Amino acid sequence: MDLLNNKGEQNQSVGGRILSLIGRVLLAISIPLIAFYVLYQGFLFLRDSNAPQIIITLVAIVWGVGGVAILYWIFNNLVERLSDTWRTRLLPFVFVGPAMAILAWYLAIPTLRTFWLSLFDRNGPPKGLNVLQQLSSDAFVGLGNYAEVFQPGGLMFLAFRNNLMWIIFGSTLSVSFGLIIAVLADRSRMEKIAKSFIFLPMAISFVGASIIWNFIYEYRPPGQPQVGLLNAFVTGLGGQPQAWPQWVNIAPWNNLFLIVIVIWLQAGFAMVLFSAALKGIPEELLEAGRIDGANEFQIFFRIMIPYIQGTIISVWTTIVIFTLKIFDVVWVMTGGQFGTHVIATQFYRQSFTNNNSGYGSAIAIVLLIAVIPVMYYNLRQFRKQEAF
Amino acid sequence: MESGKRQKLLGSLFVNGTLLLLVVLWTIPTLGIFVSSFRNRDDIATSGWWNILPHREWQPVREIDISQAGLDPNGVMEIEGISGTFEEFRAGVETPNGKRITWIGNKRLGKVEVQERVWTVSWNFTLGNYQQVLGGQNFEFKRPDGTVTIVPGDNMNRAFLNSLTVAIPSTVIPILIATFAAYAFAWMKFPGRRGMFILVVALLVVPLQIALVPLLRDYKALNLNGTFLAIWLAHTGFGLPLATYLLYNYVSTLPRDIFESAFIDGASHFTVFTQLVLPLSVPALASFAIFQFLWVWNDYLVALIFLGGNPEFELVTQRMAAIVGARGSEWHLLTAGAFVSMVLPLAVFFGLQRYFVRGLLAGSVKG
């Protein structure tokens, strides 16, 4: 292809070549300019327009998805016009560049910026000063925010305790239920349908799940008909109705009524992974155990669990990370009242309600530190892959 | 032999019984709001949704006029041969012949009902809840005592469209960007390749909370806050590490020969990418797309922060949370709204369950 092109160009007159060069340069400049202009107009339209909503929706989808595709096409086109060496040098960055730029802007650099913010008081580093001046200003509090975060009996102390409950009960029970269901389903003829039903809550949002469970916990004063399932059940057995998650008398155990929701959502996830892992156990292994006279419980604990240990650990880790960051359920169900604040809800409250960016950022850094062991493990696994 | 068979039968009974119990436990919460969303406003407020099942209930057979019977609610009264005070009758007094006498309402304007216990179902189903939740106009309600309340609609329609506007590009854009990057990592050589990929792996589990405050500052400085572009990019950024990682795992296993013959035929990287890699990666793209879509559709925190201030752009999750906050006890709205918010994810889930499970097994779980 390239050879043919070069020959064609050599046959042209000098004037023609200059004209075509100018044309190509103009094209190379004008296409991106026109594209950027159109995209910018699209942005303004979406931001300011009063058109019917369905039109805005359609324009937004076409603009957003098409815009990204067009940007790739343009940059690829520009690079393809360069000489061979420059093309091979630059093309990989056209492909990988946008991803890296976004990762840097959205995750990598914010991590450093959040750490920087966490060293200052509620208003952040004073604007218009250089780094040294910021460090010597009154706003610089060093590790003061962290001291406050870890202060015994402080706001965060409660959040840490609750989050620990979330992690312990949430992950253990999700994994246990997932495992029990996977093993039972494996031996049942209703396997497929049963798994679908258990799995279904995974498609439901936390906000939706919160509503579903709020309805179960709905409280009516004694004597009135209870419309919440749990209270109807309790009063049916002669007990007193309670507003379960709000029941401060039993704090911190009222957190369990929130944790149930995550178990309900996550057991299906655990089940699917365990189910696949169980199917990977060689049948001969189980047969051998049975011939040696092991009963089903021994087979479960001595053969199955050790065999799928790896899966159990990775599912466990995933759910631990997940419960560490739990936010929506608590925020919608109780708003953190009644002693149910967790790390992420306190982060939100401090950062966005109280506008205390220093304290909020320190909480976010604590969350980050909590996942560092997993990050380290991931990186070590990656280093073991020789192929890369 | 006989006892072995028995044991097998017992075992299967135990397995299936326990499984059934767990399935029922897991399904009841969703079933409860599904049924309730079709029940009448007053029914939901006064009786549990399980009353759609046959049950026994006191129902009036006769009314007694207070003034005609000459009852004095301040003293001990005798009704139908039973004597009692106002408080006792108000709670309901059962007669020996299986009837119940109940004073309904207050002392002066109330009435007395003779009730019998009958089998009944509460099947007063309606679509009204959905109409009110979806629409934006006002609705009138007649209370039993005749007063009329006007309730604004909840405009879930708008929220639904907004959620679509956010979710579709927030699913496609990261996948497109990640596939380009995955292709480069897998099939191109360039300086810094390994370092960049290590960054991707390291960012897999970084909690997104870490980025929210700095990003909000950037968005405010760029005047981007509260726009769709802002939230698309945010979801793209937060979904990108996992997308790149998973798609790299897939794209790097595509057979090398296909690429080589294409390059020999003079195809450019871009052509190979659009004509070969994208079509061949459809299963992996679909798996990840489902996850990203569900994640974005169900997201509350990111929307709260980057779209929070603008009611025009409220998403389904925000709308629902707002209804919980403002009218937490209006269950006819909450149940219908919750179901509206679940319709699309459930459809995606049931329609594409195969890809969903495949994605899970490939590790589509966000850190």
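Start with chain B and select the centres of its domain 1 and domain 2, taken over C-alpha atoms: they are 44 Å apart. The bounds to type are 1-37 for domain 1, 54-120 for domain 2 and 156-362 for domain 3; such bounds come from an automatic or database domain assignment. Before going on, note that this is a predicted model, in which local features need pLDDT of at least 70 and side-chain atom pairs count only at pLDDT 80 or more, while totals for chains, interfaces and linings use all residues. Residues are numbered from 1 along each chain as its sequence is written, with chains lettered from A and ligands numbered from 1 in the order in which they are written.

Now switch to chain A, where domain 1 covers 2-81 and domain 2 covers 153-211 + 251-355. The C-alpha centres of these two domains of chain A lie 49 Å apart.

Next, select A:Leu119, in the loop between helix 4 (84-117) and helix 5 (131-136) of chain A. Helices here are DSSP runs of H or I with at least four residues, strands are runs of E with at least two, and both are numbered from the N terminus. Is A:Leu119 buried or exposed? A:Leu119 is buried, because 22 other C-beta atoms lie within 10 Å; the cut-offs are 20 or more for buried, 12 or fewer for exposed and partly exposed in between, with C-beta atoms placed from the backbone. Leaving out residues up to four places away in sequence, A:Leu119 touches A:Phe140, A:Val141 and A:Gly142, where contact means C-beta atoms, placed from the backbone, within 7 Å.

Back in chain B, show strand 1 (residues 55-64) and strand 6 (residues 111-120), an antiparallel pair joined by nine bridges; pairing requires at least two DSSP bridges.

Then select helix 15 (residues 331-351) of chain B and look at B:Met342, where a kink of about 40° lies shortly before the proline B:Pro345. That bend is the angle between axes fitted to the seven residues ending there and the seven starting there.

Finally, show both chains: the contact takes 92 residues from chain B and 90 residues from chain A. Helix 6 (residues 156-187) of chain B gives the most to the chain B side, with 16 residues.

How values were computed. Two residues are in contact if their C-beta atoms, placed from the backbone, lie within 7 Å.
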